Amino acid sequence: MNTRRPLRFATLLATLLLAAGAQADTVLLNASYDVARDLYKDYNPAFQKAWQAKTGEKIEVKQSHGGSSKQVRAVADGLEADVVTMNQATDVDFLADKGLVAKDYTKKFPNNASPYTSTMVFIVRKGNPKGIKDWSDLVKSGVQVIVPHPKNTGNGRYTYLAAWGYALKQPGGSDKSAQEFVSKLLKNAPLFGTGGRDATTTFMQRRLGDVLVTFESEAELIAKEFGRGDFEVIYPSVSILTEFPVALVEKVVDKKGTRKQAHAYLEYLWSKEGQEIIAENYLRPRDPEVLKKHAAQFPAIKTFTVDETFGGWSKAFKAHFVDGGSFDQIYSVK
Amino acid sequence: MSRSSSHSVLPGFGLSLGYTLVYLSLLVLIPLAGLLAKSASLTLADIWAIATGPRALASFRVTFGASFIAACLNGFFGLIVAWVLVRYDFWGKRFIDALVDLPFALPTAVAGITLATLYAETGVIGEWFAKAGIKIAYTPLGIVVALTFIGLPFVVRTLQPVLEDIEPEVEEAAATLGASRWQTFRRVLFPAVFPALLTGFTLAFSRAIGEYGSVIFIAGNMPLISEITPLLIISKLEQYDFVGATALASVMLVISFVMLLAINLLQWWASNRHRSVPVKDAAALGGAQ
């Protein structure tokens, strides 16, 4: 035992020295939503390389992933994230209300500060046995719809708003008819998944339900996980454009003195290379050229935004997802 | 003064009590006080409104009802498991004994996902029940399954040492005195085991009330039907309604506290009732020796 001690000490010392040697000049922390893990795993090294080539500075980017509202709460409670990259404006709005993020954060970067978009699509069983083509097919009796919890999850909220928007856009559509439509759709749901991934597992692995409503990008991940031969992707006539806002956490970058680097980190998302990585992760790039290059992967689909149809996220949230909102109303009559 | 001279051979009462108080304060009392302080920004009428909404009431029914059923199931089957593990020797006993602790060690989300897969109507077990027209996963029944799973070790582990203390000779004595098997169980064994059974029941029950991770995967989470109170709390947090969430949590805390208090009283009553005679006997025996 005793003879080994110096050796062990030396190993420890070497490890510490190595760790110190690898220490970057600047460390950025990106607090992000759960399923953005793969995207940023590809994006961070690309940015580090580009930044080092440009300025000679070594940057280390650390990632923190979790449910988006949990992440935002952590930042509000003092998690020193330089940037937040989220999947819903409500979460960034919360930080703006707290004064951590600029009030006009959507104006700080192009495209509403959302470097990429996605949309909600249907996943059906091979051969589409129930003949599902559009939202109106989801309310038919005998069709089982798998969705994550519409009130508690980002994925579920987008599904809810997409169905609502579709009904609103039908001839004679009103808030009342939209609520009836969504209510019928939710009656066809045998359960509410706890999150996007849980709903996918329920549909693909437990083979429950006839249709899964989820992000377009999720379809590719399903193909990777379960093979391509088992399901089909259906694009409805119209769907919702999902935006993924990014923002600097002003208080943190000022305190850490990382404003320049953090800004460049987000800005690089709009570069050709950044957009390319985004497209490779099955998210729709904003750059028209990159989008065109990957056109086969992203069929054209008519979309509406939350801003156009619902007057912005905060309004949509208040109308539908707070206690007593339209979702709760559907379940209070019984 | 009298305390240290009257009992305890070892010194250090002050130190250990101080340590206990600091430890409990840091981990339990201060967070709980913070919880109550946060909900104190609401009036009682507000809290009442939050706690008596139809969805909140339904979730209380589901949470406390399923927890109670699960704890009862565990009380019954846990007693059998503990009995088998203590009284009989058989091949693979150590393995089964270790298996009992699994629900302690397994991350609850893993348990939830596994149970949901098994008990879904397409799952290995759920398939058979589906044929009989019983759906388990994504119904309140699924919640009971998950809560029974996580509560099992509490009952077994509290009962085992007590059962080990009861010598088989006690049963033999009862038999020689003419007691039937049922009488031996009811009059001799059960009273000795009952306080421990109640403790195990209480632990399993209170663990079940707060359980979130395993339940949400199998519950289905339909409002008014299979929504547990912790999910409603999460739902409020998702809306950044921290005060509402703490209000709901406080109400849950009060209900749990009252129920635990009631069970403790029952336990106290039970151990007093059943111990009064043996204690006197033991004293008499000690005096005789």
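## Two domains in chain A

Domain bounds here come from an automatic or database domain assignment. On that basis chain A splits into domain 1 (2–115 + 244–297) and domain 2 (118–242 + 301–332). Taken over C-alpha atoms, the centres of domain 1 of chain A and domain 2 of chain A sit 29 Å apart.

A quick word on the model: it is predicted, so local features need pLDDT of at least 70 and side-chain atom pairs count only at pLDDT 80 or more, while totals for chains, interfaces and linings use all residues. Residues are numbered from 1 along each chain as its sequence is written, and chains are lettered from A and ligands numbered from 1 in the order in which they are written.

## Where the domains touch

Call two residues in contact if their C-beta atoms, placed from the backbone, lie within 7 Å. Then eleven residues of domain 1 of chain A are in contact with nine residues of domain 2 of chain A. On the domain 1 side, helix H4 (residues 89–97) of chain A gives the largest share, three residues. Helices (H or I, at least four residues) and strands (E, at least two) are DSSP runs, numbered from the N terminus.

That domain 1 side divides into four nonpolar, five polar and two charged residues. For those classes, Ala, Val, Leu, Ile, Met, Phe, Trp, Tyr, Cys and Pro count as nonpolar, Asp, Glu, Lys and Arg as charged, and the others, Gly among them, as polar.

## A helix pair in chain A

Helix H2 (residues 37–55) of chain A and helix H12 (residues 272–280) of chain A have axes (lines fitted to C-alpha atoms over the stretch in contact) that come within 9 Å and cross at roughly 165°. With angles over 145 degrees counted as roughly antiparallel, H2(A) and H12(A) are therefore roughly antiparallel to each other.

From H2(A), A:Leu39, A:Asp42, A:Tyr43, A:Ala46 and A:Ala50 meet A:Glu273, A:Gly274, A:Ile277, A:Ile278 and A:Glu280 of H12(A). By class, this contact has six nonpolar residues, one polar and three charged.

## Chain B and the interface

Chain B has 14 helices and zero strands. Its C-alpha trace spans about 70 × 60 × 30 Å along its principal axes. Of the 289 residues in chain B, 33% are buried (20 or more other C-beta atoms within 10 Å of a residue's own, C-beta atoms being placed from the backbone). Take the contacts in chain B between residues at least 6 apart in sequence: 77% of them join residues at least 24 apart.

Where the chains meet, the contact takes 20 residues from chain A and 19 residues from chain B.

Notes:
A residue is buried if 20 or more other C-beta atoms lie within 10 Å of its own, exposed if 12 or fewer, and partly exposed in between; C-beta atoms are placed from the backbone. Axes are lines fitted to C-alpha atoms, for helices over the stretch in contact, and angles run from 0 to 180 degrees between N-to-C directions. Angles under 35 degrees count as roughly parallel, over 145 as roughly antiparallel, 65 to 115 as roughly perpendicular and the rest as oblique.
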